[in-house]
Amino acid sequence: MSQPQLQNIELYLQRLGYNVPPAPTLETLRELQLRHTSVFPFETLSTLLQVPVPIDLPSVERKVLHEGRGGYCYELNNLFLALLQQLGYEARGITGRVVMGSPEGVLTARTHRLSVLTLDGIRYISDVGFGGMVPTTPLRLDTEEEQPTPHEPYRITQGEDSYTLRAKVAGEWRALYVFYLQPQSAIDYEVGNWYVSTHKDSPFLGQLMVAKMGQGLRRTLNNGSYALHRMGLESERRELTDADELIELLHSEFAIRVPQHPQLRQIIHRLINPPAV
């Protein structure tokens, strides 16, 4: 199932470091995914501010490429899939259930978007929109072997009608999400996006989650908790209690052009300085 065309693929590729469209090879795919997760941040500023999150391709392209923002899976993986398709990859969107932090076997809402593609007869999944634990390289689908990445090792295990993506963190395999290969249509993504952006039980609503990769490191921000995770080293952590300091951090560490909103500072202040219970 093809997607609408990107309006400015040249700018998109330039942001990723390409002056001309690269050939649709496995090496290109690996480089694209690593660069994408290092250039375009995962961020939930829109759901923090409780403003609409349109996920049609022109809206996402405008937000990410022209407004200096990032986004979450329904935005970033939509954008990345369009790029892959226009470069000539055989790719399509699929969905999954986030289970990170949940007991094994729990059936959570199907609210994650990613992509599956076939290259030289081998199937891979590609994901640039899974926050602080996003895989930074495409992963082979039809093997349960451990797969190295520029960051943590990952592996995919197969169930009866689904697959589970796991990452090795501190020597322990942790399930991140369960995904399925059924074809999806635009309305499937609209329903999932409606839930994560508006439902009272959504973990994104009124919350700030930001992540951006780098060479051998991951930067994450969860409300006021900032962490710098360097592979093989102890993580550096600090708590922010000043709204202006947090806004500056979004700009300096995550390269986000913070949107203009009349209540932005007040919302951030309340978020990172909750009243004592």
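This is a predicted model: local features need pLDDT of at least 70, side-chain atom pairs count only at pLDDT 80 or more; totals for chains, interfaces and linings use all residues.
Apart from neighbours within four places in sequence, Thr137 has contacts with Arg30, Gln33, Pro148, Thr149 and Pro150.

Helix α4 was examined next. The buried residues are Leu57, Ser59, Val60, Glu61, Lys63, Val64 and Leu65. Charged residues are found in this list, including Glu61 and Lys63. Elements that cover the buried residues of α4 include α1 (9-15), β1, α3 (45-49) and α5 (73-87). Arg62 is also placed in helix α4, but its relative accessibility of 43% makes it partly exposed. The C-alpha atom of Arg62 is separated by 9.6 Å from that of Asn8, although the two residues are 54 residues apart along the chain. Just after α4 comes Gly68, with a positive phi of about 70 degrees.

Two packed helices are described by the angle between their axes and the distance between the axes. For α4 and α5, the angle is about 100 degrees and the axes are 10 Å apart. The angle falls in the range of 65 to 115 degrees, so α4 is roughly perpendicular to α5. On the α4 side, the contact is made by Leu57, Val60, Glu61, Lys63 and Val64. On the α5 side, Glu75, Leu76, Asn78, Leu79 and Ala82 take part. By class, the residues of this contact divide into 6 nonpolar, 1 polar and 3 charged.

In the contact, Ala243, Asp244, Leu246 and Ile247 of α7 meet Leu264, Arg265, Ile268, His269 and Ile272 of α8. The contact of α7 with α8 contains 6 nonpolar, 1 polar and 2 charged residues.

Aromatic rings were considered next, and the count comes to 9 aromatic pairs. One of them joins Phe42 and Phe204, whose ring centres are 6.1 Å apart and whose planes are at 80 degrees, an edge-to-face arrangement. Phe42 lies in strand β1 (residues 42-43), whereas Phe204 lies in the loop between α6 (186-198) and β9 (209-214), so the pair ties together parts that are 162 residues apart in sequence. Both partners are buried: Phe42 has a relative accessibility of 8%, and Phe204 has 16%.

Tyr163 and Phe179 form another pair, with ring centres 5.4 Å apart and planes at 15 degrees, so this pair is stacked. Tyr163 is in strand β7 (residues 163-169) and Phe179 is in strand β8 (residues 172-180), and the pair links parts of the chain 16 residues apart. Tyr163 is buried, with a relative accessible area of 8%. Phe179 is buried as well, at 0% relative accessibility.

Ring pairs also link Phe42, Tyr72, Tyr74, Tyr189 and Phe204 into a cluster. One member of this cluster, Tyr189, has Arg113 over the face of its ring, at 3.9 Å from the ring centre. A charge over a ring is also found at Trp173, where the charged end of Arg155 sits 5.6 Å from the ring centre.

Backbone angles were the last feature considered. Most residues other than glycine have a negative phi. Ala170 is not a glycine, yet its phi is positive, at about 55 degrees. This residue is found in the loop between β7 and β8. With a relative accessibility of 77%, Ala170 counts as exposed, since the value is over 50%. Asn223, also a residue other than glycine, has a positive phi near 55 degrees. The place of Asn223 is the loop between β10 (217-222) and β11 (225-230).

Technical notes. Residues are numbered from 1 along each chain as its sequence is written. Side-chain values use heavy atoms; hydrogens and water are left out. Contact means heavy atoms within 4.5 Å. Helices (H or I, at least four residues) and strands (E, at least two) are DSSP runs, numbered from the N terminus. Rings of Phe, Tyr and Trp (its six-membered ring) pair if their centres lie within 6.5 Å; planes under 30 degrees apart count as stacked, over 60 as edge-to-face and the rest as tilted. Buried means under 20% relative accessible area, exposed over 50%, partly exposed in between (1.4 Å probe, protein chains only). A charge sits over a ring if NZ of Lys or CZ of Arg is within 6 Å of the ring centre and within 35 degrees of the ring normal. Axes are lines fitted to C-alpha atoms, for helices over the stretch in contact, and angles run from 0 to 180 degrees between N-to-C directions. Angles under 35 degrees count as roughly parallel, over 145 as roughly antiparallel, 65 to 115 as roughly perpendicular and the rest as oblique.
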